[in-house]
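Here is a short note on the structure shown below. Please read the points in order, with the model open beside you.

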Amino acid sequence: MRAFSYERATSPVAAAAKAAATPGARFIAGGTNLLDLMKLEIETPTHLIDVNGLGFDRIEKTDDGGLRIGALVRNTDLAAHERVRRDYGLLGRALLAGASGQLRNKATTAGNLLQRTRCPYFYDTQQPCNKRAPGSGCSAIGGVSRQLAVLGSSPSCIATHPSDMAVAMRALDAVVETVDAKGAARAIPIADFHRAPGDTPHLETVLNPGELVTAVTLPKPVGGKQVYRKVRDRASYAFALVSVGAIVQEDGSGRVALGGVAHKPWRIEAAETELPRGAKPVIDRMLAGAEPTHDNAFKVTLAERTLAGVLAEARA
Amino acid sequence: MKISKEEGVSRGDILVTDPPIGGATVAPGAQAPPAAFRVSFEVNGERRDLTLDTRTTLLDALREHLRLTGAKKGCDHGQCGACTVIVDGRRINSCLTLAVMHEGAKVTTIEGLGRPDRLHPMQAAFVKFDGYQCGYCTPGQICSAVAMLDELKTGLHSHASESLTERPPATDAELRERMSGNICRCGAYSNIQEAIREVAGVGT
């Protein structure tokens with residue numbers, strides 16, 4: 001691990017200002033992803049700003065009946081929250097499908113959204129990777145790509161976003177709240193939060209330098225049957241090959257988001273009108289234009305079958 | 001490295017390094033100088049004050065600075081759970097957190113759960129059911145299992161829970177899912193499961 005200096009942040013704006021003014025500075029909260037990457041020298045911050053003391057660890061009701069989730073709320077606490085379990089079951093289920101008990105006790109809401117891909121070539125510092133070393137090339141294209149994206153990718157990068165939580169957040173229309181170095185607040189719909197890789201796959205979100213996530217808000221509950229189904233290579237503690245998060249109403253309408261297929265949680269609102277007609281027309285529309293590799297072409301079929309299973313469960 | 005020449009040398013003695021810096025390779029080029037930072041936390045009921053290279057993980061602080069070598073370094077990347085300790089009542093991977101991030105924390109390691117002459121019930125159950133072969137993952141398994149049963153008692157749900165609104169029962173499926181962050185490469189899982197079942201009161 002490279003050496004770094006360390007400070008404990010005392011105010012959000014001061015932390016954002018310090019991060020914006022210090023080249024090589026990074027925020028640290030749970031640290032479960034950042035420290036893993038620092039040990040491999042994939043992340044090489046020269047200064048760490050510990051934001052754990054900033055108090056963004058509460059879950060509160062919003063004026064419109066929704067939920068404001070502090071950026072520092074641990075995955076365990078979010079999954080355990082009474083309103084999440086009752087009104088946002090999709091989110092609770094997605095959180096519990098991710099990582100291990102130990103990791104969920106540390107991992108934060110903001111950190112979960114900001115976690116980086118588990119593409120094996122991103123992790124292998126001996127291989128070219130445009131995300132890790134911009135301009136060096138993509139080893140995953142033509143390489144082992146079972147886990148990787150089937151759409152939304154580019155000739156520079158076919159990495160996936162690994163989060164389960166973010167899939168639920170996308171289906172629930174979450175909004176990411178931030179503060180910047182000048183104290184200006186911003187609200188970013190989760191649909192706009194992650195960038196397409198294009199030719200700059202190292203830029204993963206629309207956050208500006210120093211901009212600090214303070215909370216994630218959910219609109220008021222939408223009801224319906226909420227199901228999260230994750231398909232993976234082992235029964236627990238593995239990243240998704242494909243995951244489906246769905247909210248299905250009694251009249252057959254609903255929402256669907258997919259994990260494990262793209263650089264961000266994948267949702268195509270226009271495809272949801274097909275839900276009463278079953279899984280195939282929905283997935284055909286959601287994955288239209290998919291360019292899977294030889295290794296991951298199964299994900300298109302798997303997504304359709306997983307959604308079919310989810311719809312059967314929701315309508316049972 | 002300082003190696004004790006006394007008889008009865010323990011691994012804890014051998015592991016003390018002088019100066020205690022956690023083995024980072026120094027690559028040429030742009031690199032911040034190593035930075036020291038003071039931190040105080042409580043370990044197994046005793047206050048400890050340390051000045052550490054900021055890079056020191058909680059695991060390395062425990063093992064290499066406080067000579068508590070019970071928690072093990074397996075993968076050092078949060079994948080195996082051998083480093084599991086209990087911090088402020090919660091199990092975490094001590095390899096994936098910095099010691100300096102734990103000012104004022106209360107840390108419990110396997111050494112603090114029980115003593116050889118006064119085993120924690122989970123330790124006694126692992127002995128009774130032979131919940132190990134090589135033993136390397138055992139301290140992490142036991143710390144994890146103790147905190148996991150507390151999570152279950154307080155009503156936290158898991159991926160295996162049928163309902164998110166009813167209290168989760170202590171079933172085999174629940175226990176297995178909740179222990180998935182602890183890998184045993186010897187494959188002693190069935191005996192580990194038996195040990196945890198006994199302490200959890202499953203099937204009794």
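How many residues of domain 1 of chain B are in contact with domain 2 of chain B?

1. The model is predicted, so to speak of local features a pLDDT of at least 70 is needed, side-chain atom pairs count only at pLDDT 80 or more, and totals for chains, interfaces and linings use all residues. Residues are numbered from 1 along each chain as its sequence is written, chains are lettered from A and ligands numbered from 1 in the order in which they are written, and side-chain values use heavy atoms, with hydrogens and water left out.

2. Chain B has domain 1 (36-112) and domain 2 (121-200), with bounds from an automatic or database domain assignment. Their C-alpha centres lie 22 Å apart. To answer the opening question, 15 residues of domain 1 of chain B are in contact with 16 residues of domain 2 of chain B (contact means heavy atoms within 4.5 Å).

3. Between these two domains of chain B, about 1200 Å² is buried, and carbon and sulfur atoms give 56% of it. Buried area is the accessible area (1.4 Å probe) that two parts lose on being put together, summed over both. One salt bridge is counted between the domains (a side-chain nitrogen of Lys or Arg within 4 Å of a carboxyl oxygen of Asp or Glu). B:E151 and B:R91 form a salt bridge, with their closest N and O atoms 2.9 Å apart.

4. Turning to the two chains, 48 residues of chain B are in contact with 41 residues of chain A. The chains bury about 3600 Å² between them, 55% of it on carbon and sulfur atoms. Three salt bridges are counted between chain B and chain A. A:R8 forms a salt bridge with B:E103, the closest N and O atoms being 3.8 Å apart.

5. There are three cavities of 30 Å³ or more. On a 1 Å grid over the protein atoms alone, a cavity is a set of points where a 1.4 Å probe fits but cannot get out, and lining residues have an atom within 4 Å of a point. Grid points are joined across faces, edges and corners, and a volume is the space filled by probe spheres set on the points.

6. The largest cavity holds about 140 Å³ of space. Its lining has 15 residues, and A:T76, A:L96, A:R104, B:L156 and B:H157 lie nearest the centre.

7. The second largest cavity holds about 80 Å³. Of its 15 lining residues, A:C119, A:C129, A:C138, A:C157 and A:A159 are the closest to its centre.

Methods. On a 1 Å grid over the protein atoms alone, a cavity is a set of points where a 1.4 Å probe fits but cannot get out, and a pocket is an open set with protein on both sides within 12 Å along at least five of seven lines; lining residues have an atom within 4 Å of a point.
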